[in-house]
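Colleague: I am new to this structure. Could you take me through some of its helices and rings?

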Amino acid sequence: MDAATQTAPVNTGHPRRWAILGVLVISLLVVVLDNTVLNVAMRTIADPQRGLGATQSQLEWAINSYTLVFAGLLFTAGILADRLGRRITLTVGLALFGIASLTSAYAGSADQLIAARALMGLGAAAVMPSTLSIIANVFDPRERGRAIGVWAGAVGLGVAIGPIVGGLLLEHFWWGSVFLINVPIVVVGLILVNSLIPESRDPKPGRIDIVGVLLSIVGLTLLTYGVIEGGDHGFGKIQAWGTLVASAVVLGAFALYERRIEYPSLDVRLFANRRFSASTGMIGLVFFAAMGIMFVSAFYLQLVRGYGPLASGALFVPFAVAQMVFAPRSAAMVKRFGPKAVSTTGLLLVAIGLAAWVFITATTPIWIVGVLFFLMGVGMANVMPPATESIMSSLPREKAGVGSAVSNTIRQVGGALGVAALGAVISSVYRDNIAGATAALPAAAKAAADESISGAYGVAAHAGPAGAALIQHANSAFLTAMHDAAIGSAIFAVLGAVVALVWQPGKRPADAPAPTTAESLAEEQGVELVATASEA
């Protein structure tokens with residue numbers, strides 16, 4: 001027994017690592033939850049009496065200003081966390097998020113709300129990569145997969161309970177309460193962060209890559225803006241495709257520049273490591289597929305089925321339950337079956353859940369919708385943790401912020417692309433199918449009804465006896481568009497499964513020695529390749 005004790009590998013994790021994980025989950029939840037809670041408050045904020053009287057364009061930018069800043073600065077925030085310290089970056093991010101939430105709650109106009117939401121995006125960009133990089137530093141590599149599973153479960157929980165929290169608050173309080181609730185959570189989070197979490201940073205950061213940082217900010221901001229414009233106004237307009245082309249040029253210049261300097265922000269040669277590349281690709285594809293159909297489902301539940309914000313939000317609970325139950329267990333599944341089997345199966349489950357939306361109608365028993373959300377949740381719970389763990393273990397601990405930034409940036413951009421691209425499909429198919437039913441309407445009413453199912457419901461409310469027929473046609477056109485979007489989503493999930501099947505590693509042989517540190521994992525999964533390329 002003494003000999004076994006002496007040869008047992010030492011756990012290099014922090015003594016309070018599980019308590020630290022709890023604090024990180026609280027910090028993460030407040031950011032992720034707010035990203036979805038606003039959706040149910042849109043109608044109230046648009047109301048001149050109960051809200052701010054925001055126009056449709058202002059409502060879009062209340063969401064998009066957050067997304068634009070968040071996605072554009074995620075990568076930079078990860079780099080700064082490695083250099084300046086992860087705890088201080090998390091602290092500053094939470095403080096900014098809390099101040100911006102308070103400002104949003106008491107905004108006097110839609111423009112003030114848009115500006116405050118942009119500041120919230122800045123705070124969130126500092127919080128998100130810091131949480132994941134701290135996990136990489138306080139957990140032993142043998143426990144890190146399980147910890148990342150809990151982290152991923154918290155992301156899924158935040159996405160799912162956001163609409164429920166928003167619905168509850170709007171039923172009892174004013175619209176600003178969906179932002180004000182963040183403030184006490186942030187205060188508690190700040191106290192716990194600075195009481196429990198140790199500071200960590202890259203001990204040898206090298207010279208700061210100012211040019212690379214600026215190129216990444218410009219490139220990611222242009223990419224996100226182009227996606228938003230394409231989703232809102234169509235990808236055929238120069239504001240969309242021109243911006244996307246410019247983003248490709250800038251990001252291409254970023255990649256070329258990073259290859260040629262001594263201290264790059266991101267060593268792009270890491271993408272030559274097939275596990276690193278496959279994992280980032282899987283994250284982007286699964287979020288592209290899932291976020292698009294989840295966006296569409298909100299219209300289906302609230303308009304076609306007539307559920308209120310709280311009831312429609314409650315239907316996302318099965319997704320949250322699946323994430324909470326299966327994401328923390330994904331590490332054990334990977335150990336037993338290998339990353340290839342677990343990731344491929346997870347992506348196929350997501351694909352099945354998405355494809356089944358083709359059969360959803362206006363009268364489908366609602367429990368079936370709940371089952372599909374649960375199936376998607378189980379699938380994503382077995383994709384995100386192993387993919388994130390692969391990315392994080394491809395880098396040494398001191399570079400954890402960069403790995404976290406790559407993972408989060410891919411997820412954010414993939415989700416935004418999914419909403420924009422599938423939203424464009426929905427709009428195009430809907431317009432083609434509703435045109436015949438709106439031909440006799442006055443020009444203004446026809447334009448509103450042709451624009452979206454929400455517009456058609458607004459026109460129908462003032463159309464008298466003809467309103468019921470218009471709603472029936474609008475529902476039919478929307479369901480046809482939703483079915484086409486579901487097919488597209490499922491195809492991208494299947495593509496992700498192919499990536500996992502071809503490039504993810506299989507099960508580690510039982511007699512193979514397991515790495516015990518992040519550094520040895522990094523060496524096994526690609527750092528040697530990078531060093532060889534550097535020497536060449």
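Predicted model: local features only at pLDDT ≥ 70, side-chain atom pairs only at ≥ 80, totals over all residues.

Colleague: Are H12 and H22 roughly parallel or roughly antiparallel to each other?

Modeller: Helices here are DSSP runs (H or I, at least four residues), numbered from the N terminus. H12 covers residues 274-304 and H22 residues 467-503, and they pack at an angle of about 165° with axes 9 Å apart. Angles between N-to-C directions run from 0 to 180 degrees, and those over 145 count as roughly antiparallel. The two helices, H12 and H22, are therefore roughly antiparallel.

Colleague: How many nonpolar residues does the contact of H12 with H22 have?

Modeller: Ala, Val, Leu, Ile, Met, Phe, Trp, Tyr, Cys and Pro count as nonpolar, Asp, Glu, Lys and Arg as charged, and the others, Gly among them, as polar. By class, the contact of H12 with H22 has three polar residues, one charged residue and, as nonpolar residues, 21.

Colleague: Within what arc do the buried residues of H14 fall?

Modeller: Buried means under 20% relative accessible area, with a 1.4 Å probe and protein chains only. In H14 (residues 317-326) the buried residues are Phe319, Ala320, Ala322 and Gln323. Seen down the axis of H14, they line one face of the helix, because they fall within an arc of 160°.

Colleague: Is the pair of tyrosine 66 and phenylalanine 70 stacked, edge-to-face or tilted?

Modeller: Rings of Phe, Tyr and Trp (its six-membered ring) pair if their centres lie within 6.5 Å; planes under 30 degrees apart count as stacked, over 60 as edge-to-face and the rest as tilted. By this rule there are eight aromatic pairs. The rings of tyrosine 66 and phenylalanine 70 have centres 5.7 Å apart and planes at 45°, so the pair is tilted.

Colleague: Which helix holds both tyrosine 66 and phenylalanine 70?

Modeller: Tyrosine 66 is buried at 0% relative accessibility, and phenylalanine 70 is buried at 3%. They are four residues apart, about one turn of the helix, and both lie in H4 (residues 56-84).

Colleague: What is the angle between the planes of tryptophan 175 and phenylalanine 179?

Modeller: Tryptophan 175 and phenylalanine 179 are both buried. Their aromatic pair is edge-to-face, with 6.3 Å centre to centre and an angle between the planes of 85°.

Notes
Residues numbered from 1 in each chain as written. Heavy atoms only, no water. Parallel < 35°, antiparallel > 145°, perpendicular 65-115°, else oblique. Buried < 20%, exposed > 50% of the residue type's maximum accessible area, 1.4 Å probe, protein only. Arc of directions from axis to C-beta.
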